[in-house]
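User: I have a structure on screen and some questions about it. Can we go through them one at a time?

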Amino acid sequence: MGMLKLYEYHFSIMIHILENIDKWKCEYKKCGAQCCSEGIQLTIEDIKRIKDLGYSPDDFLELDETANVFKIKGKEGKCFFTGKKLECTIRDNEPLVCRLLPFRIVEVSYSDEPLLRLKPVVDCPGIGQGKKIDKKKIESDASKFLHENQKLIRDIKTKGKKGVLADI
Ligand code: SF4
């Protein structure tokens with residue numbers, strides 16, 4: 001798929017999709033929702049959107065102190081929002097990371113030119129099925145993720161976790 005240089009938010013961002021996939025359909029029942037694991041990373045916009053659905057951040061949110069990023073809490077080894085039939089209970093409001101599927105982030109760097117590399121999920125039974133992948137949308141969501149996360153890391157350093165959460 002190649003490397004894409006986007007000029008958004010007044011600085012350049014590199015999004016690199018490492019392997020081509022033409023079509024994809026989420027077959028979560030066949031793979032046991034393998035992507036819906038504990039610790040899905042959240043941006044502030046993700047947190048606001050989920051909070052607006054009526055969820056309390058205390059219930060679903062945790063801070064990874066080492067990486068300085070917010071994540072979704074786990075529930076019985078899965079993402080907090082995985083339902084009894086393995087469905088996503090916040091579908092259409094899911095985090096940016098979930099919108100990148102069937103790609104996973106394999107590398108992220110916030111140096112002079114922020115960079116994010118994506119690779120297809122290993123052993124995904126939905127690859128090659130369903131609709132054509134909208135590459136532009138994946139790249140746009142990836143660049144939003146990179147930008148929002150870069151800002152979050154800065155804000156946590158200056159305001160602390162409590163200060164960041166108070167602004168939501
Ligand atoms: S938010 Fe939804 S799609 Fe994303 S990991 Fe959780 S259950 Fe899966």
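User: Is Arg154 buried or exposed?
Analyst: This is a predicted model. Arg154 lies in helix 5. Because Arg154 has 12 C-beta neighbours inside 10 Å, it counts as exposed.

User: How many Å apart in space are Arg154 and Ser140?
Analyst: In sequence, Arg154 and Ser140 are 14 residues apart. From C-alpha to C-alpha, the distance in space is 22 Å.

User: Which element gives the largest share of the largest nonpolar core?
Analyst: The largest nonpolar core has 28 residues. Ile40, Ile72, Cys79, Val97, Leu100, Leu118 and Ala142 touch the most other members. Strand 2, helix 2, strand 6, helix 4, strand 10 and helix 5 give two or more residues to this core. The largest share is 4 residues, and it comes from helix 5.

User: Which residues does Ala142 contact, leaving aside its neighbours within four places in sequence?
Analyst: Ala142 is one of the core residues that touch the most other members. Leaving aside neighbours within four places in sequence, its contacts are Ile15, Leu100, Leu116 and Leu118.

User: Why do the buried residues of helix 2 line one face of the helix?
Analyst: Helix 2 covers residues 44–51, and Asp46, Ile47 and Ile50 are buried there. Seen down the axis of helix 2, the buried residues line one face because they fall within an arc of 100°.

User: What covers those buried residues of helix 2?
Analyst: The cover includes both helices and strands. The helices are helix 3 (57–60) and helix 4 (96–99). The strands are strand 4 (41–42), strand 5 (61–64) and strand 6 (69–72).

User: In which sense does strand 6 pair with strand 4 and strand 5?
Analyst: Strand 4 pairs with strand 6 over 2 bridges, with Gln41 opposite Lys71. Strand 5 pairs with strand 6 over 4 bridges. There, Asp64 stands opposite Val69.

User: What is the phi of Asn68?
Analyst: Asn68 sits in the turn of the hairpin formed by strand 5 and strand 6, with 4 residues between the strands. Asn68 has 15 C-beta neighbours inside 10 Å, so it counts as partly exposed. Most residues other than glycine have a negative phi. In Asn68, phi is positive, near 60°.

User: Where does Ala33 lie, and what is its phi?
Analyst: Ala33 is in the loop between helix 1 (28–31) and strand 4. With 19 C-beta neighbours inside 10 Å, Ala33 counts as partly exposed. Its phi is positive in a residue other than glycine, near 50°.

User: Which residue is the bridge partner of Glu107 in strand 10?
Analyst: Strand 9 (residues 103–109) and strand 10 pair in the antiparallel sense over 6 bridges. A hairpin joins strand 9 to strand 10 through 5 residues. In strand 10, the partner of Glu107 is Arg117.

User: Is the peptide bond from Leu101 to Pro102 cis or trans?
Analyst: Pro102 lies in the loop between helix 4 and strand 9. Most peptide bonds are trans. From Leu101 to Pro102, omega is near 15°, and the bond is cis.

User: How many residues of the shell around the ligand are nonpolar?
Analyst: The residues around the ligand include Cys36, Cys79, Cys88 and Cys98. Thr82 and Glu94 are also among them. By class, the shell has 1 polar and 1 charged residue, and the nonpolar count is 8.

Terms used. Residues are numbered from 1 along each chain as its sequence is written. This is a predicted model: local features need pLDDT of at least 70, side-chain atom pairs count only at pLDDT 80 or more; totals for chains, interfaces and linings use all residues. A residue is buried if 20 or more other C-beta atoms lie within 10 Å of its own, exposed if 12 or fewer, and partly exposed in between; C-beta atoms are placed from the backbone. The arc is that of the directions from the helix axis to the C-beta atoms. Two residues are in contact if their C-beta atoms, placed from the backbone, lie within 7 Å. A nonpolar core is a set of buried Ala, Val, Leu, Ile, Met, Phe, Trp, Tyr and Cys residues joined through C-beta atoms within 7 Å. A residue is near a molecule or strand if its C-beta atom, placed from the backbone, lies within 6 Å of it. Ala, Val, Leu, Ile, Met, Phe, Trp, Tyr, Cys and Pro count as nonpolar, Asp, Glu, Lys and Arg as charged, and the others, Gly among them, as polar. Two strands pair if DSSP finds at least two bridges between them.
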